[in-house]
Amino acid sequence: AQIEKGNYRHYMQKEIFEQPTVVAQTLSSYIRPVEQTVALPQMDFDLAGVKRITIVACGTSYYAGMVAKYWFETFARVPVDIDVASEFRYRDPVLEEGGLALFISQSGETADTLAALRHCKENGQTIAVVVNVPTSSMAREADLLLPTHAGPEIGVASTKAFTCQLAVLAALAAHLALVKGKLTAEEEREIVRHLIEAPAALNAALAHDDDIAAMAHLIAPARDVLYLGRGPDYPLAMEGALKLKEISYIHAEGYASGEMKHGPIALIDEAVPVIVLAPSGPLFEKTVSNMQEVRARGGKVVLISDAEGIAEAGEGCLATIEMPSVHPLIAPLVYAVPVQLLAYHVACAKGTDVDQPRNLAKSVTVE
Ligand code: G6P
């Protein structure tokens, strides 16, 4: 069936706005809301015995994997290796017995990721996949299929598949932590409660669409844009930069906030907007000092934070975008929204082809 845009101008816009619904839809198959526990599909291997996780993916799916690395390590204390699929096989990775290899893909067909999956299979790894197309090659070849229920994603730049991937990965991390004895049943319930809040928090983030549209003209003239984040917001900074370059053709880079002084700071002047993703919390102060380094060089900062963060550090920024105050676990889902919307509105301001950006394909089936 043909998928309609309805009242939206672009598929990408429609898909951004579908996120509260499709994340809820995805979570509903991984969570028992009454018991407040995670429910994973049947597996015929011992999840508690997993000693190491290897994550492989491309593009936006790779950034979902980078966020998940924080979760698997923080909650389950399982070490994680992560690679882009096109590099993975060529570094001759060490794949030990008992390893779990996790592939993340919207399409389930990306050639590099599929080749990496087969390589891991040949090398005795248990194969888990997070895919949005349940009939895809990756889905068929997996030992553990963890579907996202984002529905068909038409816009070439991935949006709703990403937040659905994060929802599944958070549930998986919580469950792994539980079976490994790193979380108590009560702590698991607490995580589940936070996940259940994600759709409402996504709605609250989407409510800032007009503010973001209104500030897009501040970014549209830039030749370069820098995105900064720390901890799980570092992959979000890279995802923000990827979204912007994909659809607006503005050169953008995502950097770990603390690493800026080792290079990108040389680029900072009045012409390079710096988008800082920084929910308030233990990492906030350090990021604020990175913002000051930017400002001291005449750089213009757009701060994306919660009310507390904006009250503390919003003054003197070119613009601020206020996100709801959320638990750190769901912050990466929520902060995905403003970077998607910003890329979207900048692209609209520039008049590029949002849904079909030049040179890009929805699914890349060549290596
Ligand atoms: C292409 C798309 C991206 C996507 C990447 C990985 O580059 O344009 O939006 O993130 O492929 O695709 P996958 O289907 O494996 O998630």
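**The ligand shell, a helix and a sheet**

Author: In this predicted model, the shell around the ligand is made up by class of 10 polar, five nonpolar and one charged residues.

Reader: How many residues surround the ligand, and which are the closest?

Author: The ligand is surrounded by 16 residues, and the closest are Gly59, Thr60, Ser105, Ser107 and Thr110. Helix H3 (residues 59-76) supplies three residues, the largest share of the shell.

Reader: Why is H3 called largely enclosed by the rest of the structure?

Author: A residue counts as buried if 20 or more other C-beta atoms lie within 10 Å of its own. In H3, 14 of the 18 residues are buried, so the helix is largely enclosed by the rest of the structure.

Reader: How do you know that the span of H3 agrees with its number of residues?

Author: At 1.5 Å a residue, the 18 residues of H3 should span 26 Å. The end C-alpha atoms of H3 are 25 Å apart, which agrees. After H3 comes Arg77, with a positive phi near 55 degrees.

Reader: What makes S9 and S12 edge strands?

Author: The open sheet has five strands in the order S9-S8-S10-S11-S12, paired in parallel. Strand S9 (251-256) and strand S12 (319-323) each pair on one side only, and they are therefore the edge strands.

Reader: How many bridges join S11 and S12?

Author: Strand S11 (residues 300-306) pairs with S12 in the parallel sense over five bridges. Two strands pair if there are at least two bridges between them, so S11 and S12 qualify. Ser305 has Glu322 in S12 as its bridge partner.

Notes. Residues numbered from 1 in each chain as written. Predicted model: local features only at pLDDT ≥ 70, side-chain atom pairs only at ≥ 80, totals over all residues. Near = placed C-beta within 6 Å. Helix = DSSP H or I, 4+ residues; strand = E, 2+ residues; numbered from the N terminus. Nonpolar A, V, L, I, M, F, W, Y, C, P; charged D, E, K, R; others polar. Expected span 1.5 Å × (residues − 1). Buried ≥ 20, exposed ≤ 12 C-beta atoms within 10 Å, placed from the backbone.
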